[in-house]
Amino acid sequence: MSVNVRKKLFLFEEVFHEGGAPADQPLLIAAAAAVVTNPFAGRYVEDIQYFMDELKPLGMEMSHALIQTLGDDAGRIDGFGKGAIIGSGGELEHGALWHVPGGYAMRELLGDSKAIVPSTKKVGALGAKLDIPITHSNASYVRSHFNSFEVSVPGAPRHDEMVLVLVMSCGPRIHARVGGLKANEIKGEDGLR
Amino acid sequence: MKATVRKYQTVVEETLREIGIDIDPPTRKATAMAVIANPFAGHYQEDLSLLMDIGAELGDILGRKAVAALGIDPTESQSYGKAAIVGSRGELEHAAAILHPKLGAPLRAALEKGAALVPSVKKMGDLGSAIDVPLGHKDAAYVRSHFDGMEVRVSDAPRADEIVVCVAVTDSGRPLPRVGGLTHEDAEGKDGLR
């Protein structure tokens, strides 16, 4: 069985300022959402882990698309996050299947990314919105990169679908000024600092 | 107290059955929220230290409220998360000032441990805006059964000059975890990751 993708949605946001002085480099955020059939909708299925492997090509494809959207330079990308919205016929646990194929694809394509990919998930209706957390891709504690991005797909997920989301970003929050660890201070060894 | 609080709201969610299967004991998550005045609404303020101090106050207050709502001993808490919704006359960075510099330490004190990063989200919003608070294991971020989230909202907040601050705490992971990975039982909880 392969993954049945009904549609994909791509979002790209450029942030120039938020009331303060415009930054030299705008903050760039890109999200990719795939609406896939949930093969386990409508009943309890004990063994679901095999679906993680089937989702791996989709994770790679979406990650490639995000890198392209952000200027085709993986070296500039320094933030990421992921999430899932499960349609009403499914189970929260089905969204957890996205952790491995989504997370590992982004890490692989971003090269030496060490940090955990932050995530959130929920069961939701058509058009449900999900706030995807974003953190620095090499050091989770970089304070200027704690961010998030709201994603929704009109008309999805239907009851037997899941919306699977990946997010990548370039740069800190546009007026970051609350101190803490900076991106240029990280050691990048343990994924935290 | 530095924060001007208009109201608190606490939500507890207990899952007893999922897709026809009994969950025993039920999984439980709680989010405590404070609706506060945004002292910097309507203008650009360079120094955000007042909001950082407010974050410290709320880490303690909301952490204790969430634990109390679950009716557990603080040591029984298993995962946590935090979030903020800034009303339209504020700025996203106001949420960052509340959440990141000082909120974590008093929250960890209220839970009596917390080696892992507190996962977070923030957004600009209006009355009744929903926010998905991310959840992660409080001592070992890679515990896969505890990757979760909780959607919350306050129907009449945030007004344009308000901020909704959220702290979520659980005593459990997802209802029927079976996607493998590190488990709560196997986590060492020393480095915050595993």
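The side chains of A:Lys122 and B:Glu151 are joined by a polar contact of 2.3 Å. A polar contact here is a pair of N or O atoms within 3.5 Å; within protein, one must be able to donate a hydrogen and the other to accept it, and residues adjacent in sequence count only if both atoms are side-chain atoms. Please note that this is a predicted model, in which local features need pLDDT of at least 70 and side-chain atom pairs count only at pLDDT 80 or more, while totals for chains, interfaces and linings use all residues; side-chain values use heavy atoms, without hydrogens and water. Residues are numbered from 1 along each chain as its sequence is written, and chains are lettered from A, and ligands numbered from 1, in the order in which they are written.

Let us stay with A:Lys122. This residue lies in strand 4 of chain A, where a strand is a DSSP run (E, at least two residues) numbered from the N terminus. Is A:Lys122 buried or exposed? A:Lys122 counts as buried because its relative accessibility is 9%; buried means under 20% relative accessible area, exposed over 50%, and partly exposed in between, with a 1.4 Å probe and protein chains only. Leaving aside neighbours within four places in sequence, its contacts include A:Ile85, A:Leu92, B:Asp132 and B:Glu151, a contact being heavy atoms within 4.5 Å.

We turn to A:Thr120, which lies in strand 4 (residues 119-123) of chain A. A:Thr120 counts as buried because its relative accessibility is 2%. Beyond neighbours within four places in sequence, A:Thr120 is in contact with residues including A:Gly83, A:Ile132, B:Val133 and B:Asp148.

Next, chain B. Why is strand 6 (residues 148-152) of chain B described as largely enclosed by the rest of the structure? The reason is that four of its five residues are buried. Strand 5 and strand 6 of chain B run antiparallel and are joined by five bridges; two strands pair if DSSP finds at least two bridges between them. Within strand 6 of chain B, B:Asp148 stands opposite B:Leu135.

Finally, the cavities. A search of the whole structure finds three of 30 Å³ or more. On a 1 Å grid over the protein atoms alone, a cavity is a set of points where a 1.4 Å probe fits but cannot get out, and lining residues have an atom within 4 Å of a point. The largest cavity holds about 170 Å³ of space, a volume being the space filled by probe spheres set on the points, which are joined across faces, edges and corners. Among its 14 lining residues, the closest to the centre are A:Ile116, A:Pro118, B:Pro119, B:Ala141 and B:Phe147.

Terms used. 1 Å grid on protein atoms, 1.4 Å probe; cavity = no way out; pocket = protein on both sides within 12 Å on 5 of 7 lines; lining within 4 Å.
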